[in-house]
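Here are some notes to read alongside the model, for someone opening it for the first time. Take them in any order you like.

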Amino acid sequence: MLDLNSRCPDGPIETAWDRHRQSIKLVNPANKRKYTVIVVGTGLAGASASATLAELGYNVKAFTFHDSPRRAHSIAAQGGINAAKNYQNDGDSVYRLFYDTVKGGDFRSREQNVYRLAQVSVDIIDHCVAQGVPFAREYGGLLANRSFGGALVSRTFYAAGQTGQQLLLGAYSALSKEINSGKVKMHNRSELLDIVKIDGHAKGIVTRDLVTGEVTSHAADAVVLATGGYGNAFFLSTNARGCNVTATWRAYKRGAGFANPCFTQIHPTCIPVMGDHQSKLTLMSESLRNDGRVWVPKKAGDFRKARDIPENERDYYLERIYPTFGNLVPRDVASRSAKKMIDKGHSVVQGGSGVYLDFADAIKRLGKDAIAEKYGNLFDMYKQITGDNPYETAMKIYPASHYTMGGLWVDYNLMTNVPGLYAIGEANFSDHGANRLGASALMQGLADGYFVLPYTIGDYLAPQPHGFDDTSHPAFAEAEAQVKAKTDKLLSVGGKKSADHFHKKLGKLIWEECGMARTEPGLKSALERLPAIREEFWSQVSVPGSGAALNQQLEKAGRVADFLEFGEIMLRDALTRNESCGGHFREESQTPEGEALRDDENFQHGAVWEYAGEGKPSIRNEEALEFKYVLPSQRSYK
Amino acid sequence: MNITLKVWRQAGPKDAGKFETYQHDGIVEEMSFLEMLDVFNEKLLEAGTEPIAFEHDCREGICGSCGCMVNGRAHGPKDGATLCQVHMRSYKDGDTITLEPFRAKAFPILKDLVVDRSAFDSIIQAGGYISVRTGAAQDANMRPVEKAIADEAFDAATCIGCGACVASCPNGSASLFTSAKIAHLNMLPQGEPEKYKRATAMVTAMDDAMFGACSNHEECEATCPKGIGVEYISQMNKNLIWGELFEHDS
C-alpha cells in the first residue's frame, strides 16, 4: 500500500497556505548553496522552478530533451492564463476562481490545493508582467481580459493567441539569466531514462545524450519532474510530437504512484482529422468560443456549404441545450455534445467528423478588423492547414486529445510518495480533478514552478544531509545497465515496422475505447487487445542505426514502448471508475439528459496506481477526497 | 503526386555529407510537408535504410524546432509560415524538392537536416531578460503601458528562434534574432533600467558565437516566418551607440 497522506493543512482554507509556509522547515540561506536539485523538463513548470530555485541559492541541474529549453510544448498554449485579479470588476475573487475550478474539475480534486492555486494566480500575473511578458492591454494601458469556458467572469489574461509562447519565453529568460549566473547547469538534448533511488530517496537520474548516445548518471539532493502529460497515448493529439510519458512512467516503475490516468481532456475545438497520414491535430483556441457560434445542420447528412444552409435549418446546439453558458460550456461538455451530434449523423465533414464554429455573426457585429485583432493568428493558422478562409466560411472543428489531468500523485508539497521526488505542472495530478478549465494549465504550471515548489522543497531538504554527489553508488550502475539493456533490446529486434506504426495502433485503440465515451465491454476488450500490440512491437519494430549517435527512431521507439505499458493502467483506471465525472464519461453512468453522473459514494477519491513488479498487475490505492467548501452537486451549465 | 527529393544526408557532425536523390510517390495534397517526409521515412525504414533526420515538434508553427532550406529558401515556399505549416498543395506532380540543413558557421550540422542552434541560447543568456526575482513584483496594473507599445513589444517577442534568419543571411548573422529580443525588452518600461547593458551584452555574445555581422541584405526579414522586420536591427545599433556615448555600464 502506498502512503497517500496529502499533508494538507487543517483549519480555514483561506489561511491554509500561509500557515503551512509558516510551519514547514526552511533551509538557511547559507546552506541553500550546498544543495543541488535536478529539474527535468523546461516547460512553464520546469523553467520557472529552475529559475526560482536558483534565485533562492540552490544549485540546479536542468534537463530537456529539446535542443533548447525554449522549445517545450507550453510554447503552443494559445488562449490565456487565469488569475483572480478582478480587474474587470465583474465579481471575481480568489474564492470564485477556487469554486469554478473545483466545480469544473467535477469534484475530483483537493480543495486545499485548488484554493492555493487560486491565491497565487494573482502573483503570477504580477511577476510575468515584471519580466516583460507583453500581455494584451486596453487603450488606457491596463491589462485586458477575456472569458473562457466554465466561468461567468472575465479573468483570462492573454497575449493574442500566443499566451503560452510569451509566458514560456518569460520563464526561459529567467532560466537563461540563472544559467548565465552559473546557478543552473543546463543539459540540452538529454532524455531522462531512469530515476535513481538510494535508501528509498530519489537521489538522481540517468539520461541519454541524444547526440552522442552516451548514458550518464547525475546525482542530486532531490529530483523534480516537470515532464508534462501523456496525451500522446492517443497518438493523434494537440500535443507536440515529442511529448511522452517516459519520465513519469519510469518514476512509476521506481515506486511513485500514478493517479487518475483515465482523466484525460478531449479539447472540443481542434481541426478535424483529414487522412491516414495525419501526424497531429491542431488546436483552435477555446477563446474562439467567445465570439464563434457552434452549430450543425438540423438535417442529418446535409453537406451543403455552411453559407448555403439557411438560419432556420441550423442547430446551435450548445446555445439551445445550455442557455446560461451557451458556447462557453466547459471543455468536457462541449466535446461530448459534439460527439452526440456526430453520432446522430450531423457531421459537417463528409466521411469524417466535424461541427461548425462560425464567426459570421461576430464579424457582422464587431467588424472584420476587431475579429482579426483578437484571433488573427488562429484564423491564419486554420487557413494554412485547411485551405479555407474562416473570415468567409465557418470553421470545421472536432474534439481531440489535449491535456491530461492524471499524473504522478503528489502531496500538498508537490512531493510524490517517493521521498525527494517531486512532480509539477501537467506531470502531477493535483489541481484539475476530472476536467481542467481553459486557461488553467498555464496558471498551474507557473504556480507550481514559481510559487509553490521553491518553498515546499525546503521542508524535505532541510533535515537531509546536503551535497549528495556520488554517482559511484551501485544504484546508478544498476540503472545505467537497465537503460543500456533496453536500448540494445530496441536496436536488436530487427523487425520491419516503424515505432509510429505501433503508436498509431495504440492510439486508435485508446481513442476508440478510452476516448470521449467509455463502456465496460469496450474497456475490457481493449485490455485484451493491448498485450498483442505490445508483443508485436517487441517482435516487429525496426530501429535502424546505432545507439551511439543521434537516432530519432530509437528515441521514438523507447517512448512508444513506455506508452504501450502505460496504456494498461489508463484502461484499467477507466474500467474501475464506474462513474462519469468530468472528462471521464462512462456510458453506463449518465443522467436521463445524457450528462455525466458521478457516484460520490463509491468514487469520491483519487485512484492511485502502484507498480507491483514486472508482469504483475498494478495495485489500485485510493486517496479519499473531502469537500468542506464547495459541496458536490450535479454540475449544471444550463 | 510524384516528387523527386534531393536530400542532404550526413551521418554525423564529422562526416562530409552529400546529396541523395529519391523518388517519392503517392503524395496527397492535404499532407503537410513534414507528413510527406514522415511517409517517406516509413518507406526508407521498410527498405532497411536509415530515415532522414529532421527536427520538428509542435507542428503548428510555434516551437521553432523545424526548418531547413527548401529549394534554397528557409522553411519553403510560403510567406509567414514555418516548414511544418507548408502543405503539399503548394507543389505539383513532377516537382523536384531540394532539402538542405540551415547552414551557418554558428550552426554546426549534427545529422542530415539537424543543426545545433544552441548559440541562440547563449545570446539570450547574456542579457535577454529583465532581472526580476520571483516574488518581487508590484501589482501588474500599477504601471500602465501604452497599448501601441505593448503591441509592438509583442510583435518583436513573437520570434520562435528557428534560425531561418541566420541561414538566409549571406553573412550568417543573428542580428534579426538578437535585435528582436532586445527590442521586445527595451521597448517596455520594465526593460528600461538594463537597456544599454542588455544590448551590449547580447551583441557581444552574438559576435562571440561566430555569427556574422549585418550588411543590410534583409534576407532575414524576407524569410522570417513570423514577419519580424529589420527595423529592430537599427534600433539595436542605436542602443549600442547610445550605450557607448553615455558610457553606461556594460
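The points below go from the ground rules to chain A and then to chain B.

1. Ground rules. This is a predicted model, in which local features need pLDDT of at least 70, side-chain atom pairs count only at pLDDT 80 or more, and totals for chains, interfaces and linings use all residues. Residues are numbered from 1 along each chain as its sequence is written, chains are lettered from A and ligands numbered from 1 in the order in which they are written, and side-chain values use heavy atoms, with hydrogens and water left out.

2. Chain A overall. Chain A has 17 helices and 19 strands; these are DSSP runs numbered from the N terminus, where helices are H or I with at least four residues and strands are E with at least two. The C-alpha trace spans about 75 × 60 × 50 Å along its principal axes. A compact globule of 638 residues would have a radius of gyration near 26 Å, and the 24 Å of chain A agrees with that. (That radius is taken over C-alpha atoms, and the globule rule is 2.2 Å times the number of residues to the power 0.38.)

3. Of the 638 residues, 67% are buried, meaning under 20% relative accessible area, with exposed being over 50% and partly exposed in between (1.4 Å probe, protein chains only). The accessible surface is about 20,400 Å², and 50% of that belongs to carbon and sulfur atoms; areas come from the Shrake-Rupley method with a 1.4 Å probe, and for residues only the protein chains shown count as cover. Take the contacts (heavy atoms within 4.5 Å) between residues at least 6 apart in sequence: 74% of them join residues at least 24 apart.

4. A parallel sheet in chain A. Look for the open sheet of 5 strands in the order E5-E2-E1-E9-E17, with parallel pairing; two strands pair if DSSP finds at least two bridges between them. Its edge strands are E5 (184-187) and E17 (421-423) of chain A, each pairing on one side only. From one strand to the next, the twist averages 20°. Inside the sheet, E1 (residues 36-40) and E9 (residues 222-225) of chain A share 4 bridges in the parallel sense, and Val37(A) has Ala222(A) as its bridge partner in E9(A). Helix H12 (residues 441-461) of chain A lies across E1, E9 and E17, at about 150° to E9(A). Axes here are lines fitted to C-alpha atoms, for helices over the stretch in contact, and angles run from 0 to 180 degrees between N-to-C directions.

5. Two hairpins around E7(A). Which strands flank E7(A) in hairpins? On one hand, E6 (residues 190-198) of chain A pairs with E7(A) in the antiparallel sense over 8 bridges, with 2 residues between them and a positive phi of about 50° at Asp199(A) in the turn. On the other, 5 bridges join E7(A) to the antiparallel E8 (residues 215-219) of chain A; that hairpin has 5 residues between its strands, and Gly213(A) in the turn has a positive phi of about 80°. Ile198(A) stands opposite His201(A), and Ile205(A) opposite His218(A).6. Gly204(A). E7 (residues 201-209) of chain A is mostly covered, with 7 of its 9 residues buried. Gly204(A) is found in this strand and, because its relative accessibility is 0%, counts as buried. Leaving aside neighbours within four places in sequence, Gly204(A) is in contact with residues including Ile38(A), Ile195(A), Val223(A) and Phe476(A).

6. Met405(A). Buried or exposed? With a relative accessible area of 2%, Met405(A) is buried. Met405(A) lies in the loop between E15 (395-404) and E16 (407-408) of chain A. Gly583(A) is 178 residues from Met405(A) in sequence but 9.1 Å away in space, C-alpha to C-alpha.

7. The sheet in chain B. Here an open sheet of 5 strands has the order E2-E1-E5-E3-E4, with mixed pairing. E2 (18-24) and E4 (73-74) of chain B stand at the edges with a single partner strand each, so one side of each is left without a neighbour in the sheet. E1 (residues 3-9) of chain B and E2(B) pair in the antiparallel sense over 7 bridges, and Val7(B) stands opposite Glu20(B). Helix H1 (residues 33-46) of chain B packs on the sheet, its direction making about 90° with that of E2(B).

8. Helix H5(B). In H5 (residues 175-187) of chain B, 12 of the 13 residues are buried, among them Phe177(B), Lys181(B) and His184(B). At 1.5 Å a residue the helix should span 18 Å, and its end C-alpha atoms are 17 Å apart, which agrees. The expected span is 1.5 Å times one less than the number of residues.
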